[in-house]
Structure formats: C-alpha cells, structure tokens
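Student: Please take a close look at one helix packing in this model, with the criteria spelled out.

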Amino acid sequence: MKAHRFDKDRVSHGVVFSMTWENRWHPLLERWVTITGHRGSRPWQGGQVEAPLPAASFDPACYLCPGGQRISGQRNPEYDEIFVFDNDHPAFSVDAPPPEPAVGLFESQPADGICRVMCYSPNHGLRLSQLGNDQLLQVIEVWRDQTFELMTEQGFEQVFIFENNGEVVGVSNPHPHCQIFATSLQFSTLTQELQATERYRAKTEGDLFDAMIRSEREDGRRILCENSDWLGFVPYFAELPYEIMLLPKGRRRQLFQMPDQELESLSVALRQVLVMLDHLWSVPQSYILSIRQAPLGLPEAHDYRCYLKLQPLLRGPGLQKYLAGIETGAGHFLNDGVPEIKAEELRAAGQGR
Ligand SMILES: [Zn+2]
C-alpha cells in the first residue's frame with residue numbers, strides 16, 4: 001500500500017477543504033469523475049463574478065417584458081401570467097433549408113425542430129425561486145403541456161426544456177424565462193443516458209434510477225429534500241460542486257405521464273432546492289436547469305425516466321467554474337467540491353426558508 005502524502009482536512013479562511021480525493025463512477029454517463037476536494041482552496045488571481053443588481057419589475061427596453069419589442073419587430077402581448085412564443089432566432093426550425101450535399105465521410109440532415117421561449121412571469125425582476133406556489137406549479141404545468149403538444153401532436157422525438165440563469169451562463173437578460181427545444185434529432189447526453197440505463201438492466205436486471213435513489217437514501221449524506229414522489233440530492237458522482245438531481249420515485253417518462261399530485265410535489269421540491277442555491281451566498285447561484293425526458297416511442301420495457309438536473313456554475317461566491325482543458329479538452333470533470341460537504345452547505349442555506 002502506498003503511503004498517502006495528503007491525509008488531513010485543510011482549513012483556509014475558516015473553511016474546511018476536505019481531502020476527499022478520488023475517482024467516482026458516474027453511472028448515467030458511464031464515465032469517471034475526479035473529486036478533488038483539496039483543490040477547493042487553491043489560489044485564484046482571476047476576476048470575480050459581480051453580484052447582479054436587483055432588477056426592476058418592468059424594463060421598457062426588455063424584449064421579454066409585456067409589450068416589449070422583439071428583434072423580429074413583433075411586440076409581446078400585455079401578458080399577465082406565462083407567455084410562450086417561437087424563438088426569433090431558432091437553432092432548429094421546420095423552415096430550416098435542406099442541407100448541402102455532404103462529401104465522403106460527412107453526413108448532414110435538416111436542422112429540423114421548434115424552439116420556443118417561455119417567460120415564467122410578466123415580472124422582470126423575479127427569479128424562478130421567487131414565484132408564488134401557484135405560479136411555480138403553473139410553470140410546471142406549461143412545461144408538461146408544451147411537451148405533450150410537441151411530442152404527441154407535432155410528433156417530435158425529443159423535447160428538451162432548459163433555463164440558463166445568470167450572466168455566468170451567458171444570459172444578459174434577467175427576465176425569468178426558459179427555452180423549449182423540440183427536435184427529431186436526439187441530443188447526445190440523452191443517447192448516452194438511454195444506453196447506460198439499458199446496459200444497467202442487462203447487467204443487473206435492475207432499474208438504474210431506482211438504484212440511484214436507493215443508494216442515495218442508504219448513504220443519506222447528500223440528500224437535500226424528499227417527499228412522497230421526489231428525491232433531491234447532490235449526486236455521489238457530481239461533476240460540479242453544487243450539482244443537484246431531482247429524481248421522481250415513480251417511473252414516469254415524460255412530465256405528461258405524471259398525475260397532478262406528482263407535479264405539485266415537484267413544485268415543492270424544486271422550490272426547496274432553488275431557494276438553497278439562492279441563499280448560499282450574498283450572490284445567487286447561476287445555474288443551468290434542465291428537464292430530461294424520455295424520447296417518444298421508447299420501448300415499454302425501457303427504464304429511463306424524466307428527471308431534473310441543476311448545474312450551477314459558481315464554485316464559490318463570485319468564483320466561476322471554468323470548463324477548461326480537462327473538462328472541455330479531455331471530456332473529464334474535476335470537481336473540487338466534495339458532494340457530501342456541498343450538500344451540507346446547501347441544506348444549511350435552505351434552513352428556515
Ligand atoms: Zn423583462
């Protein structure tokens with residue numbers, strides 16, 4: 001057995017940085033993640049992310065506010081709840097032109113799909129976490145209805161819903177909104193997760209999602225919230241310091257398979273974890289929220305289920321996690337936040353709120 005040179009937790013500026021330093025297997029992406037807890041306190045001489053100024057409830061220059069003028073010249077209606085419209089600069093469209101013929105090895109297809117923007121509220125200055133109970137539930141119901149329409153009525157194989165939140169994620173407009181992409185193309189993370197779920201079944205005869213829930217509950221240290229239908233936790237194999245998964249306990253493929261009660265309990269769990277992210281520091285976390293759903297036409301026996309993932313991009317107050325050489329170049333994540341400790345911080349941030 002090799003002697004370990006590092007064997008103690010380290011304290012820097014009053015914060016304990018754990019010596020948890022190991023590779024952990026990510027069962028859904030079938031790759032290793034390196035937890036490097038000892039690097040959390042490394043010196044940083046680069047810039048810090050500024051706290052955003054509180055936004056007014058209405059900004060006349062905002063293209064997402066009620067009555068706002070969009071880049072296409074269209075004006076938004078004076079909406080007073082949720083407003084969904086087709087993106088003026090879509091990445092995928094049913095009007096995308098036919099591709100040029102590809103040469104040799106290369107392959108192409110039309111960039112077919114529909115991209116929509118969904119404003120959660122007419123109030124320019126709110127965050128998703130600040131919506132009232134009914135409003136948050138309404139947002140989830142519109143996610144469900146949009147998925148139903150785009151999959152079952154328009155026949156798109158995949159519906160991917162996501163919110164980019166904060167300037168760190170490249171969003172300069174704070175108006176609370178998300179995007180909905182419906183495509184006939186399957187995105188590669190979904191393909192990977194589908195294959196991993198299938199391979200796990202072939203190897204163990206078990207359901208990978210049930211196994212994740214069982215293992216997280218058995219350990220217990222990373223759980224953030226739990227109700228009758230949902231479990232929220234920082235996964236054992238988190239790739240980012242404050243990463244959060246919300247898994248449904250039932251095998252539901254898409255949001256529209258969930259009874260009202262499960263959508264309601266989703267809104268409770270989602271608020272709990274969003275509030276934790278908001279109150280970690282004086283700067284609210286920036287995050288990517290995504291709703292992962294099974295593709296249309298997945299065989300009945302397949303175990304894949306709909307779930308939510310939050311990928312926060314700050315590793316400390318004002319400190320951005322850069323996806324640099326190892327992450328982007330090698331496709332391997334170094335996480336310098338120890339999931340057990342990050343879950344503790346998140347639970348503390350949410351206490352009494
Ligand atoms: Zn606005």
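This is a predicted model: local features need pLDDT of at least 70, side-chain atom pairs count only at pLDDT 80 or more; totals for chains, interfaces and linings use all residues.

Tutor: Residues are numbered from 1 along each chain as its sequence is written.

Two packed helices are described by the angle between their axes and the distance between the axes. Here the pair is H1, residues 133-153, and H4, residues 260-278; helices are DSSP runs of H or I with at least four residues, numbered from the N terminus. Their axes lie 9 Å apart and the packing angle is about 120 degrees. Axes are lines fitted to C-alpha atoms over the stretch in contact, and angles run from 0 to 180 degrees between N-to-C directions. H1 is therefore oblique to H4, a class left over once angles under 35 degrees (roughly parallel), over 145 (roughly antiparallel) and 65 to 115 (roughly perpendicular) are taken out. The crossing of H1 and H4 is right-handed, that is, the near helix is turned clockwise from the far one by less than a right angle.

On the H1 side, the contact is made by Asn133, Leu136, Leu137, Ile140, Glu141 and Arg144. H4 contributes Leu263, Glu264, Leu266, Ser267, Leu270 and Arg271. Contact requires C-beta atoms, placed from the backbone, within 7 Å. By class, the contact of H1 with H4 has six nonpolar, two polar and four charged residues. Ala, Val, Leu, Ile, Met, Phe, Trp, Tyr, Cys and Pro count as nonpolar, Asp, Glu, Lys and Arg as charged, and the others, Gly among them, as polar.

Notes
Helices (H or I, at least four residues) and strands (E, at least two) are DSSP runs, numbered from the N terminus. Two residues are in contact if their C-beta atoms, placed from the backbone, lie within 7 Å.
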